Amino acid sequence: MKFATFVKDGKQRSGVVADDRVHPFDRPVDLLDLMTEGEDALRTAGVRALTRSLPVPLPDVRLLPPLQPPTVRDYMTFESHVAGVAQGYGDTVPEEWYAAPAFYFTNPYAMIGAHDEVPVPPGCHRFDFELEVAAVIGRAGRDLTPEQARDHIIGYTILNDWSARDLQGPEMKVKLGPAKGKDTSTTLGPWLVTADELEPHRNAEGFLDLALTVAVNGETVGQDRLANMAWTFEDMAAYASRGTWIRPGDVLGSGTCGNGGCLAELWGRNGLLEPPPLVPGDTVTITVEGIGTISNTVVEGVAPVPLASARSRR
């Protein structure tokens, strides 16, 4: 099934997507609440919606992120992406990257919908997209094995981790972050596809083998396969649960794919800002096989509020 959250006539609803129409749930409940009740409750609500509700054409609704995640962990699981970005700094993939699927926590309040406008972050002049797929946790657990973790993933969605590269670089020299470089917008959508729908795409190594494509203003910039990840989503979920809890609604981003999954990788490989950074009016369209398409247009942002520099106490 495909589950969506949307606005129609000023009211927020959730429901099931089928045949380019969305079938609202028969009660005003959001997706995360149903997920917390359990996977059976979610599927039962979906079946009821398909058989009893009056469907609404997708063009008549505004798609929101399918859920408001309590946490968002974003990983770096594509070696090609890491290598390309590192090349821009005269560097290579660090040995530590191979030891475990590293991640950072990004802002769960910054989620935007599949077709929402995305403002340029304050003070940013090198704005970038990032083509990712995200797994969504449906059942709580801790200290899981990868085999156990598979039953804790309820589904998948597309994630675009918008990045202010000229803010990200300096702040990461402080050995923290990224922070404001990735804090203002993350697209999540267009809907949540349940894990069983993508199971036919799983290869012999346990990876979901899905085609990934990103275009800017209709021109293809990057293409990859999700199976080129270095760790499976089950590995990532197990690592996330090590010594702590993962809970329903937690989002685990794959990290940016290679072969043009973001501009920074291409800048690193090309040695110049080509293709150029995103500017207002640019539209970024990401398509993932088996999931769908998101498309966001960049708009003007606001100027940064000035702050004083640090007060040195040495």
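Predicted model: local features only at pLDDT ≥ 70, side-chain atom pairs only at ≥ 80, totals over all residues.
Trainee: Okay, which residues line the largest cavity?

Mentor: The lining consists of Arg202, Gly206, Phe207, Leu208, Leu226, Met229, Thr232, Phe233 and Glu234. By class these divide into five nonpolar, two polar and two charged residues, with Gly counted as polar, and Asp, Glu, Lys and Arg as charged.

Trainee: Is leucine 208 buried or exposed?

Mentor: Leucine 208 counts as buried, because its relative accessibility is 6% and the limit for buried is under 20% (1.4 Å probe, protein chains only). Leucine 208 sits in the loop between helix 6 (195-198) and strand 16, where helices (H or I, at least four residues) and strands (E, at least two) are DSSP runs.

Trainee: And what does leucine 208 touch?

Mentor: Leaving aside residues up to four places away in sequence, leucine 208 touches Tyr156, Leu198, His201, Arg202, Leu226 and Ala227, a contact being heavy atoms within 4.5 Å. Alanine 227 is 19 residues away along the chain, yet the two C-alpha atoms are separated by 5.5 Å.

Trainee: Switching to the sheet, in what order do the strands come?

Mentor: Five strands form an open sheet in the order 9-21-20-16-17, with mixed pairing, and two strands pair if DSSP finds at least two bridges between them. Strand 9 (118-119) and strand 17 are at the edges with a single partner strand each, so one side of each has no neighbour in the sheet.

Trainee: How many bridges join strand 16 to strand 17, and how many join strand 16 to strand 20?

Mentor: Strand 16 (residues 211-216) runs antiparallel to strand 17 (residues 219-225) and is joined to strand 17 by six bridges, with valine 216 opposite glutamate 219. In that hairpin two residues lie between the strands, and asparagine 217 takes a positive phi near 55°. Strand 16 is also antiparallel to strand 20 (residues 283-288), through five bridges, and there valine 214 faces isoleucine 286. Strand 20 in turn is joined by six bridges to strand 21 (residues 292-299), again antiparallel, with threonine 287 opposite threonine 293.

Trainee: Why is helix 8 described as largely enclosed?

Mentor: Six of the eight residues of helix 8 (residues 263-270) are buried, so the rest of the structure largely encloses that helix. Those buried residues are Leu263, Ala264, Glu265, Leu266, Trp267 and Gly268, and they pack against helix 3 (79-87), strand 10 (127-128), helix 5 (165-172) and strand 17. Glycine 271 follows helix 8 and has a positive phi, near 75°.

Trainee: Last one, how much space lies in the largest pocket?

Mentor: About 1200 Å³ lies there, a pocket being an open set of points with protein on both sides within 12 Å along at least five of seven lines. Of its 40 lining residues, Met76, Val85, Tyr89, Gln168 and Met172 are the closest to its centre. Helix 8 is one of the elements that supply at least two residues of that lining.

Technical notes
Residues numbered from 1 in each chain as written. Heavy atoms only, no water. Buried < 20%, exposed > 50% of the residue type's maximum accessible area, 1.4 Å probe, protein only. 1 Å grid on protein atoms, 1.4 Å probe; cavity = no way out; pocket = protein on both sides within 12 Å on 5 of 7 lines; lining within 4 Å. Points joined across faces, edges and corners; volume = space filled by probe spheres on them.
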